[in-house]
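Please keep the sequence and the model in view while reading.

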Amino acid sequence: MQNPKARAALLASLLLAVGALSGINPPTASAAPDSVAVTVNARAGLATVPDTALGVNHAIWDQHLGSAETSDLLRDAGVQMMRYPGGSYADIYHWKDHTAPGGYVAPGTDFDTFMAAVRRVGAQPMIIANYGTGSPAEAADWVRYANVTKGYGAKYWTVGNENYGNGHYGAAWEADDHPDKSATQYARLVVEYADAMKAVDPSIKVGAVLTMPGNWPDGITAGSDPGSWNQTVLSLAGPKIDFVDVHWYPGGTAAESLARISHIPDATHLLREQLARYAGPNAARIGISFTELNVDAGRTTQPAALFLADAYSALLENGVFSAHWWNVHNGIGTVSEVAGQTDYGDFGMLSSGACTEDGSVCEPPLNTPFAPYHGLTMMKRFAQPGDQFVRAGTDQPMVTAHAVRRGNGDLAVLLVNKDPDTAYPVTIGYAGFIPSAGAPTVSTLANGATGIATGQSGSATSRTLPPYSLTTLVLRPAGSTAGRPSAPGQPTASGVTDRTATISWPAAAPGASPIAKYEVYRQNGAIGEQLGETAATSFTVGNLVQGTRYTVNVLARDTAGRVSWSSPPRTFDTGSPAASACTVRFTTSGDWGNGYIGGIDITNNGTSPINGWTLTWTWPTGWQQVSSGWSATWEQVGAAVRVIPTDDNRQIAAGGSVSAGFVGAYSGPNVLPTAFTLNGTVCTTA
C-alpha cells in the first residue's frame, strides 16, 4: 500500500480494468423475500484455523502504533499477526536509523516499539525487508538484531512489497533503485535475501511477493522475463522461499466488492497450481498469506465489515495462513454516506481523529472503532485456532455462509447478509451434525451498530438476518462426542486419469471402539457425495468426469457408529482420455491482464475424415467468455461454448488438423478449460 496521501488515487488507477460485473439486485421493497436455504456440511472438512489467521497492518507514519490503547483494542479484536513497517514504506525504510527517505516517519514507531506492541497484543510479527532501497546485508542485520540480539523470535519475513509496481509493467509506485526492475532480477535477489537472512537464523520463514490471479499484472510477461511475474519469481526463487505474499483490493462498488469474494477459491487454487508447476520440489510446503485487503466503497461502514468477515473466512477455509486488513490507522478520505451511515473513506479500522482539509468534517475521536474492526471482532468469535472449517452454502447470492467445527464438538456458523435493504429469513440444514435443542449463542453486527450484540435466542435451524449484517451462531451438539475416533490424515490422490483416482490416507486413531471402516466423500458445493467406503486406508474411485476438479475428504466410523471429524481435504483434477478419436490443443498468448488471444487446434486421430464438426467446452467460472473469434462460428450461452466450422475447414482429414482462434476475456481468476468434446466424443487434451 502506498503513501497515505496518494493511496486512493493510485489504487483507482492500478486496479485491473475488467468488464462490468453484474451487480446483485436486491428484491424490490414490495416483494417478500423467500426463505434462504443454508446448508452446513460437517462431513466436508476444509482447512484448520491457524494461530496466525487474523492480521492487521501497522505503519511507521502512525504515531499511535505503539500506544497501549491501540494495542489493547487490537488484542480485544483477536489480532494474531501484525505487519510492519507499512506497505510501500517498507521499500524505503531503513530499520537501523529508523528513516524512510522521501516519506514521513512518526515518532514512537521504531522496531522495538512495534515489537512491544506485538507482545502486548499477544500476536506474531510479519516483517517486510527493504527490497527497493535496501540490501540482503541490511535484511540479515535486521534478523540478527531481532532474533539474536533481542530474542524476539520473529518468524515471518517478506522480501519487499508490491514490487511488480516498480514500473516494469508500466505503472510505478513502488520504490526500486535497481537498474534492472524485471521479475527475474527480483527473484534472483530474493534468493540472495533468503540465503543471507537464513544464515543468521535458519528457523525463519522467508516470503516472496506474488500477484493475485486475475488481477494486474497477472498473466502479463514483460521484458526478457521467461513468463509472468508469478511464473518467473517461483521458477527462480521457489526452492528458497517458505511462503508467498499476495494483496487484494477488489475495487468497484460495495456490491461488486462483496460479489468478488467468490473469486477466492479459484484464485487460491490457481496460486497452488502455480506453486506446483514452477516452484520446484516439495512446493506444497510453501504457504500463502494475504497481507493487504480492503475495499473502495464503504471503508469505515458496514460493507467493509461484511467484506472482512466474508473474505477472511473464504481465504482461511482455502488454506491461507494469514489475512491482514489495511490498515490500523490511516486517515480521512472522501466522505460519503453508505447505507445511511457516514463513511469517512478511511482505510483504517480505527479512527485517526482527523478532519478534512477544510475542517468541514471530522472523524470520531481517536481509536473509535470503525465497522471493519467489529467485523474482525466477529471473526474472533467465529473462527478460533484449531477449529476446522467445514463446507457451508446457500441458495441466495445475497447471503453467504461459513462454518467451523470445534474440538469440544461445537459448531459455529457465520451468516453474511449483503443486502443493504432486505432482512432474509433463513432455514439451516445440517449434515454430519445434530444440534442440541437449546437456544444457540447468537452474535449479531447490524448496520450502524457500535458493537456486537450477543445473547442466546431462537433455534439452530431458523433465523432472520437483518439487512447488511453479520450473524454468528454457536451450537452445541445433541449428544456426547466422547470416544469418537480421531480424524484420518490428509489424503493423497495418485493414479489420476480421466475417469479414476486412488485416494489414500493415514489411518485414524481409534477412540472407545475399534475403527470399522472409512468413508470417502466428495465435496459438491455444500453437499457431500459419498464415493465409497472401505476397511483399508486406500480406495480407488471410478466413474469420474473428465477435466473436473474434485475435493475429497475421509471420515472414520467405529464399530459403535461413532464418526470422526473430517480429514483435511485433498483437491485434484481429472485429465482427458489417454486415447481418443480426437485431440484438442488449447493455447493462450499475449495476455494483457483481463484478456488474451486464444486458439484451438483439433486433430482427427481416426482413419476416416470428419465431415462437419462441433466442438464444445464449458468455462470453469462464470466470469470467462469468448469476446470474438475467427475461422469458425463462436457461440456462448452461460458458461458453455460451441464452435462450428466455416465452409473451408468443416472437413478434417484422417490424421489432419484444423485451427480457429478467439479473443478470450475474464474478470476474475482465469482457470482454463481442460475437457473438450468433438461431435459428442471427449477428446484427448494436448
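This is a predicted model: local features need pLDDT of at least 70, side-chain atom pairs count only at pLDDT 80 or more; totals for chains, interfaces and linings use all residues.

The side chains of Arg 585 and Asp 601 meet in a salt bridge, with 3.3 Å from N to O. This pair links distant parts of the chain, since Arg 585 belongs to strand β27 (residues 582–589) and Asp 601 to strand β28 (residues 595–604), 16 residues apart.

## Other salt bridges

The whole structure contains 20 salt bridges. One of them joins Arg 549 to Asp 266, whose closest N and O atoms are 2.9 Å apart; because Arg 549 lies in strand β25 (residues 549–558) and Asp 266 in helix α8, the pair ties together parts that are 283 residues apart in sequence. Asp 266 counts as buried at 12% relative accessibility, whereas Arg 549 is partly exposed at 28%.

Arg 562 and Asp 558 form a further salt bridge, their closest N and O atoms being 3.2 Å apart; here Asp 558 is buried, with 3% relative accessibility, while Arg 562 is partly exposed at 28%. Elsewhere, Asp 72, Arg 75, Asp 76 and Arg 120 are linked in a network of salt bridges.

## Packing of helix α6

Helix α6 spans residues 229–237, and its buried residues are Trp 229, Asn 230, Thr 232, Val 233, Leu 234 and Ala 237. These buried residues pack against α5 (183–200) and α8 (264–278), as well as against β6 (205–209) and β7 (243–248). Helix α8 is also where Asp 266, the partner of Arg 549, is found.

Methods: Residues are numbered from 1 along each chain as its sequence is written. Side-chain values use heavy atoms; hydrogens and water are left out. Buried means under 20% relative accessible area, exposed over 50%, partly exposed in between (1.4 Å probe, protein chains only). Helices (H or I, at least four residues) and strands (E, at least two) are DSSP runs, numbered from the N terminus. Contact means heavy atoms within 4.5 Å. A salt bridge is a side-chain nitrogen of Lys or Arg within 4 Å of a carboxyl oxygen of Asp or Glu.
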